[in-house]
Amino acid sequence: MSDLPTSLQLWFDGEFLPSDAGTVHLRTHSLHYGLGVFEGIRAYEQTGGGTAVFRLEDHLRRLEGSAHILEINLPYDRKTLRDVTLDLIRRNGHSACYIRPIAILGAGSMGVYPKSNPVQVAIMTWPWGAYLGEEALTKGIRCKISSYARHHPNAALLKAKATGNYINSVLAKREAVRLGYEEAIMLDVHGNVAEGTGENLFIVRDGKLITPPLNSVLQGITRDTIMKLAVAEGLEVFDRFFTRDELYLAEEAFLTGTAAEVTPIREVDDRLVGEGRPGPITLRLQKRYFQTIRGERPEWKHWLDPVSATAETEATALEAEALQTN
């Protein structure tokens with residue numbers, strides 16, 4: 001965060017603070033043992049003007065679900081976190097940004113069992129462009145099957161977007177980058193393709209879209225978005241297991257995630273995917289995705305939370321609409 005503008009604010013335990021004032025105690029339980037939950041969300045500048053957060057409600061619902069799985073009692077409800085998020089974006093003057101809510105166990109008992117450690121919640125926003133680079137979106141990336149397996153669902157609860165779960169991803173990403181690739185692809189403990197280090201994965205075979213089932217992957221919101229967009233486009237979509245050699249035989253492949261958006265894969269383990277460039281279905285879905293997040297697809301506008309509208313103005317608008325109806 002040190003390279004970010006010092007003028008940015010964050011929200012921490014009920015207060016808006018300067019970005020460099022969001023600090024925690026060295027005895028913070030989550031710092032030592034990795035029990036925390038977080039989300040990655042984006043706000044986009046809209047083609048018709050203004051800024052909107054994409055699928056904010058769904059992200060906050062997943063945050064609540066992650067906390068529930070890990071027995072973390074969030075001290076703030078979803079509406080509060082939604083209102084704070086929109087307010088923080090306005091305060092920071094973003095036209096587009098990345099949003100990071102996080103809930104951790106604070107300082108208290110030192111030991112694996114957290115007796116009475118307080119739950120602390122923060123939300124940060126910052127400008128962030130293409131996660132894997134602008135060229136990745138247009139030309140695709142090179143991936144490597146990782147030597148690290150994705151967690152077993154009974155070793156790490158995979159439906160929780162938990163901070164500690166990402167040690168697995170950090171190790172896999174470091175290995176891939178060190179070997180000259182942009183991203184790692186992890187297999188599950190049974191040898192099936194699972195996901196990237198922070199992304200879900202899709203392949204195209206015989207014109208059909210295929211993605212690993214939710215047994216051993218995070219329930220990605222961008223994954224869900226792409227599946228819905230694909231169905232609306234008349235594509236057949238399947239979630240099923242497949243192996244690395246089927247990935248090698250794919251006509252197209254791409255990664256999805258809030259950070260990665262829709263990133264084509266042009267090569268896996270030094271083997272070209274298809275013709276070694278983004279394929280037609282990938283580009284079609286990528287285009288639909290960017291149209292959707294920028295407010296150009298009216299049928300998906302319910303996924304967008306306008307930043308300009310405060311709770312008060314929304315209430316006023318609803319009252320006015322009710323009066324007109326009556």
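Analyst: A salt bridge is counted here when a side-chain nitrogen of Lys or Arg lies within 4 Å of a carboxyl oxygen of Asp or Glu. The model is a predicted one, in which local features need pLDDT of at least 70 and side-chain atom pairs count only at pLDDT 80 or more, while totals for chains, interfaces and linings use all residues. Residues are numbered from 1 along each chain as its sequence is written, and side-chain values use heavy atoms, with hydrogens and water left out.

User: How many salt bridges does the structure hold, and what makes Arg-78 and Glu-57 one of these pairs?

Analyst: The structure holds 27 salt bridges. For the side chains of Arg-78 and Glu-57 the N to O distance is 2.7 Å, which is within the 4 Å limit, and therefore the pair is called a salt bridge. Because Arg-78 lies in helix H3 and Glu-57 in helix H2, the pair ties together parts that are 21 residues apart in sequence. Helices here are DSSP runs (H or I, at least four residues) and strands likewise (E, at least two), numbered from the N terminus.

User: What makes Glu-64 a salt-bridge partner of Arg-78, and which residues are joined with them into one network?

Analyst: The closest N and O atoms of Glu-64 and Arg-78 are 2.8 Å apart, and this pair ties together parts that are 14 residues apart in sequence, since Glu-64 lies in helix H2 and Arg-78 in helix H3. Through salt bridges that share partners, Arg-55, Glu-57, Asp-58, Arg-61, Glu-64, Arg-78, Asp-224 and Lys-228 form one network.

User: What makes Glu-246 and Arg-205 a salt bridge, and is Glu-246 buried or exposed?

Analyst: Their side chains meet at 3.4 Å, N to O. With a relative accessible area of 14%, Glu-246 is buried, whereas Arg-205, at 26%, counts as partly exposed. Glu-246 lies in helix H7 (residues 244-248) and Arg-205 in strand S11 (residues 200-205), so the pair ties together parts that are 41 residues apart in sequence.

User: Why is S7 called largely enclosed by the rest of the structure?

Analyst: Eight of the eight residues of S7 are buried, so the strand is called largely enclosed. Val-119, Val-121, Ile-123 and Thr-125 point one way, and Gln-120, Ala-122, Met-124 and Trp-126 point the other way. In a regular strand the side chains alternate between the two faces of the sheet.

User: How do you know that S6 and S7 pair?

Analyst: Two strands pair if DSSP finds at least two bridges between them. S6 and S7 have eight bridges, in the antiparallel sense, and therefore they count as paired; here Ala-103 stands opposite Val-121. Strand S1 (residues 9-12) also pairs with S7 in the antiparallel sense, over two bridges, and Phe-12 has Ala-122 as its bridge partner.

User: What makes a group of residues a nonpolar core, and how many residues has the largest?

Analyst: A nonpolar core is a set of buried Ala, Val, Leu, Ile, Met, Phe, Trp, Tyr and Cys residues joined through side-chain atoms within 4.5 Å. The largest has 26 residues, and those with the most contacts inside it include Leu-81 and Ile-123. The largest share of this core, five residues, comes from H3.

User: Which residues is Leu-81 in contact with, leaving aside its neighbours within four places in sequence?

Analyst: They are Trp-11, Leu-60, Leu-63, Tyr-76, Val-121 and Ile-123, where contact means heavy atoms within 4.5 Å.

Methods:
Buried means under 20% relative accessible area, exposed over 50%, partly exposed in between (1.4 Å probe, protein chains only).
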